[in-house]
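Reader: I want the labels checked against their cut-offs. Where shall we start?

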Amino acid sequence: MERKSQVQISKDLLLALFQYHLAGNEKYLPEIKETLMEKLDSMVKHQLYTTFKTAPTEEEREKARQEYLDKCGMHEDFRW
């Protein structure tokens, strides 16, 4: 059986989710969207970095490294 990974969120996000879903308070929606997008970006960067470090071939490692640097906003002039 495959182990499912877990993701942690901040207490503020959890409370905003409660306010939005349980109390119907829509003023929290922009904060929720922004925070979840930041979390998603962080997870994607983490996955790309992990792939860069563990990929079986040099080609796959380099592709993941370039994607990771693109995602982080590293200018091409500063890359090796």
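Author: With accessibility. Buried means under 20% relative accessible area, exposed over 50%, and partly exposed in between (1.4 Å probe, protein chains only). The model is predicted, so local features need pLDDT of at least 70, side-chain atom pairs count only at pLDDT 80 or more, and totals for chains, interfaces and linings use all residues. Residues are numbered from 1 along each chain as its sequence is written, and side-chain values use heavy atoms, without hydrogens and water.

Reader: Why is His75 called partly exposed?

Author: His75 has a relative accessible area of 46%. That value lies between 20% and 50%, so His75 is partly exposed. His75 sits in the segment after helix 3.

Reader: What makes helix 3 a helix, and how does its span compare with the expected one?

Author: Helices are DSSP runs (H or I, at least four residues), numbered from the N terminus. Helix 3 covers residues 58–72 and has 15 residues. The expected span is 1.5 Å times one less than the number of residues. Helix 3 reaches 21 Å from its first C-alpha to its last, close to the 21 Å expected.

Reader: Why is Arg65 called buried?

Author: Its relative accessible area is 5%. The cut-off is under 20%, so Arg65 is buried. Arg65 belongs to helix 3.

Reader: What makes the pair of Arg65 and Glu62 a polar contact?

Author: A polar contact is a pair of N or O atoms within 3.5 Å; within protein, one must be able to donate a hydrogen and the other to accept it, and residues adjacent in sequence count only if both atoms are side-chain atoms. The side chains of Arg65 and Glu62 make such a contact at 2.9 Å.

Reader: Which residues of helix 3 are buried, and how do you know that they share a side?

Author: Ala64, Arg65 and Leu69 are the buried residues of helix 3. They cover an arc of only 135° around the axis, so they lie on the same side of helix 3. The arc is that of the directions from the helix axis to the C-beta atoms. Ala64 is buried because its relative accessible area is 4%. The face turned away from the buried side carries the exposed residues Glu59 and Lys63.

Reader: Why are Asp70 and Glu31 called partly exposed?

Author: Asp70, in helix 3, has a relative accessible area of 48%. Glu31, in helix 2 (residues 29–54), has 36%.

Methods. Helix = DSSP H or I, 4+ residues; strand = E, 2+ residues; numbered from the N terminus.
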